[in-house]
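Please keep the sequence and the coordinates in view while following them.

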Amino acid sequence: MINQQFWENKKVFVTGHTGFKGSWLCMWLSDLGAKVTGFALPPSTNPSLFELCKVEELIENHHVGDIRDLDFLISAMKQALPDIVIHMAAQPLVRESYKNPVETYSTNVMGTVHMLEAVRQCKSVKAVLNVTTDKCYENKEWVWGYRETEPLGGFDPYSSSKACSELVTSAYRNSFFGQENSVAIASARAGNVIGGGDWANDRLIPDCVRSLLSNQTIKVRNPDSIRPWQHVLEPLSGYLMLLQHLYEGGSKYADAWNFGPLDSEAKPVKWIVEKVISSWTPKINYEQDTGSNPHEAHYLKLDCSKAFYELGWQPRWSLEFTIEQILAWTRAYMSKKDMRAFSLEQIKEYTTWK
């Protein structure tokens, strides 16, 4: 359902392109023939997927900048004259948001405002996607998935800031982009994204990988917490399909969209950790981190019926196979393989999956 002919030579402006999701997205867009301009801070981890896969070599322009710098952002976007804007730049971590709430809000809320202001200044743009999170919903700890019409909320600064980003997107769409033939703007709320090449702190899979590589016990904060886990390529495929519809169908698709796994794939943390351990040699153990940790949601699932029926999107890989792919990526990294080639091969495997 991803149309290579559509993406061939499309000019795409990606904020946050040096991050984990952004790097996978840029590799995929490049492989589709798109001309990508990136705008982001330098990679926040060492190692990073962006540097391991030499993503800078694949894109047209690489701007090192802060999304909070409005003038620089406008200048970069006007220089690129993109057809499509994908906004992924963010402070993406819940626990970090407790430590640095001001930075979290300024990046995630005003960063969205700045992106949309830059779009207003750039007449070439036809479609915009603001990538937020499943955590933007008011979490009531219930057992069914949240739909796009559920109330927004957020217990912690990160989740709250992403709910604010959704409200900003809606306000700008209604106030400045509501006319016929105007820019079509949508937002995407994905589940817990995992995959090879994520080195962030305080995330389950990166924590597991670091323990595997150092042969140390995995520390787990909330073993019984349930999340909508999915391989990074799952929501990225949804973003690309949504943007195709948004670009060609306009206001009909200018709305909020969930991209998550099937209900059966929402598993507790300990299920993930035990699956990782059972598939790795040498064997290691895990234990619960009994230290003082800030509040994190216990139960969270998404209802993706809208994307299933209106876009024809659906997840392809089971959670079990996703973990196999992550461990295969990790083994390739340990073996010092060409990680760009390996990652592109995983993208090819995903797109040809039956």
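In this predicted model, serine 187 has a relative accessible area of 1% and is therefore buried. Serine 187 belongs to strand S6, which spans residues 184-190. Leaving aside residues up to four places away in sequence, the contacts of serine 187 are Leu129, Asn130, Glu166, Asp255, Ala256 and Trp257.

The nonpolar interior comes next. In soluble globular proteins, nonpolar side chains tend to be buried together. Here the largest nonpolar core comprises 82 residues, and Trp24, Leu29 and Ile86 are the members with the most contacts inside it. Another core, of 24 residues, lies apart from the largest one and includes Val85, Val109, Leu116 and Tyr172.

The cysteines remain to be considered. How many disulfides does the count come to? The count is 0, under a rule that requires a pair of cysteine sulfur atoms within 2.5 Å. For cysteine 53, the closest cysteine sulfur is that of cysteine 26, and because the separation is 11 Å, it is too far for a bond. Cysteine 53 is also buried, since its relative accessibility is 0%. For cysteine 136, the closest cysteine sulfur belongs to cysteine 164, at 11 Å, and this distance is likewise too far for a bond. With a relative accessibility of 0%, cysteine 136 counts as buried.

Terms used. Residues are numbered from 1 along each chain as its sequence is written. This is a predicted model: local features need pLDDT of at least 70, side-chain atom pairs count only at pLDDT 80 or more; totals for chains, interfaces and linings use all residues. Side-chain values use heavy atoms; hydrogens and water are left out. Buried means under 20% relative accessible area, exposed over 50%, partly exposed in between (1.4 Å probe, protein chains only). Helices (H or I, at least four residues) and strands (E, at least two) are DSSP runs, numbered from the N terminus. Contact means heavy atoms within 4.5 Å. A nonpolar core is a set of buried Ala, Val, Leu, Ile, Met, Phe, Trp, Tyr and Cys residues joined through side-chain atoms within 4.5 Å.
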